[in-house]
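Trainee: I'd like to learn how to read a few features off a model. Could you walk me through them one by one?

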Amino acid sequence: MKNKIENQDKKARKIVMSTQEGVIKYRCDFTPAPPLPYEELRELNAWRRLMFLTRLIGQDPDRYGGYGYGNISRRLDATARAEGQHPFIITGSQTGGKPELGPEDYVVVTACYPDENRLVARGPIKPSSESLTHGTVYALDERILWVLHAHSPEIWHHAEQLGIPSTANVPYGSPEMAAEVRRLFAESELPQKRIFVMAGHEDGVVTFGHTAEETCFTMLSYLARAMQLSERSN
């Protein structure tokens with residue numbers, strides 16, 4: 001009976017998995033699939049490369065237990081859909097340490113339900129639990145087409161001085177984080193500033209926008225301002 005069930009699962013090519021990064025677990029209905037054509041990834045890959053060069057995405061054996069950090073994503077299209085169903089392309093799990101990514105390093109999240117800690121994805125690689133935060137942001141406003149989750153000690157430690165909205169001290173990739181992001185969007189200047197820090201996720205910073213330029217330049221602009229504050233305190 002056990003072998004029969006396993007064979008049925010293989011035929012369906014569908015894996016229901018529980019992934020843990022740090023203390024966060026989530027359920028993912030993951031279907032292995034061929035990578036997207038590189039033409040669909042060219043712009044996303046270029047901006048991801050820039051974020052790697054500025055160390056906003058990366059991997060460091062002395063930080064975060066040596067795990068890769070940071071993700072960048074974009075919506076597949078601007079079509080309005082039901083809540084949770086905003087398909088987006090995102091860098092795959094633990095690809096942060098790679099200087100260059102190929103099509104095999106990206107995955108499509110077809111649906112995201114942060115309140116249930118659940119997402120649906122297909123591609124050649126499994127998605128990171130950070131995908132839940134991306135899905136939460138996309139659900140805030142149909143005009144949001146890009147999301148960047150970076151790690152910046154400079155921005156994170158100077159968030160209050162920079163006037164950046166901050167979540168409460170809750171774990172990232174959790175229902176509590178999803179609720180916090182929605183609260184900030186409704187109660188703070190988050191829609192205008194397009195940036196927030198995650199108090200419960202060391203150095204975690206998220207920006208978003210309608211374009212890649214809007215999203216990534218917001219992060220870089222705040223990084224430059226945070227670096228100036230760091231110089232003053234030295």
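Mentor: Contact means heavy atoms within 4.5 Å. Leaving aside neighbours within four places in sequence, Ile-89 touches Leu-36, Glu-40, Leu-41, Leu-44, Ile-72, Ser-73, Arg-74, Leu-76, Tyr-106, Val-107 and Val-108. Before we go on, a word on the source: this is a predicted model, where local features need pLDDT of at least 70 and side-chain atom pairs count only at pLDDT 80 or more, while totals for chains, interfaces and linings use all residues. Residues are numbered from 1 along each chain as its sequence is written, and side-chain values use heavy atoms, with hydrogens and water left out.

Trainee: Which residues have the most contacts inside the largest nonpolar core?

Mentor: The general idea comes first: in soluble globular proteins, nonpolar side chains tend to be buried together. A nonpolar core is a set of buried Ala, Val, Leu, Ile, Met, Phe, Trp, Tyr and Cys residues joined through side-chain atoms within 4.5 Å. Buried means under 20% relative accessible area, exposed means over 50%, and partly exposed is in between (1.4 Å probe, protein chains only). Here the largest core has 30 residues, and Ile-72, Ile-89, Leu-148, Ile-155, Ile-164 and Met-219 have the most contacts inside it.

Trainee: And which element gives the most to this core?

Mentor: Helix 8, with seven residues. Elements are DSSP runs numbered from the N terminus: helices are H or I with at least four residues, strands are E with at least two. Among those supplying at least two core residues each are helix 2 (42-53), strand 7 (106-113), strand 9 (146-151) and helix 8 (212-233). There's also a second, separate core of 28 residues, which includes Tyr-26, Phe-30, Leu-132 and Ile-144.

Trainee: How many residues of strand 5 are buried?

Mentor: Five of its five, over residues 71-75. Asn-71, Ser-73 and Arg-75 point one way, Ile-72 and Arg-74 the other way, and all are buried.

Trainee: Which strands run antiparallel to strand 5?

Mentor: Two strands pair if DSSP finds at least two bridges between them. Strand 9 runs antiparallel to strand 5, joined by four bridges, with Asn-71 opposite His-149. Strand 6 (residues 88-91) also pairs with strand 5 in the antiparallel sense, over three bridges; there, Ser-73 has Ile-90 as its bridge partner.

Trainee: How many salt bridges does the count come to?

Mentor: Twelve, where a salt bridge is a side-chain nitrogen of Lys or Arg within 4 Å of a carboxyl oxygen of Asp or Glu. One of them joins Arg-42 and Glu-39 at 2.5 Å, N to O. Another links Asp-60 and Arg-55, with the closest N and O atoms 3.5 Å apart.

Trainee: Is Asp-60 buried or exposed?

Mentor: Asp-60 counts as buried because its relative accessible area is 15%, whereas Arg-55 is exposed at 51%. Then look at Glu-116 and Arg-118, whose side chains meet at 3.0 Å, N to O. Salt bridges that share partners join Asp-29, Glu-116 and Arg-118 into one network.

Trainee: Where is Arg-122 placed?

Mentor: In strand 8 (residues 118-123). Arg-122 has 36% relative accessibility, so the label is partly exposed. Arg-122 and Val-108 are 14 residues apart in sequence, yet 5.5 Å apart in space, C-alpha to C-alpha. Again leaving aside neighbours within four places in sequence, Arg-122 contacts Phe-30, Thr-31, Ala-33, Val-107, Val-108 and Thr-110.
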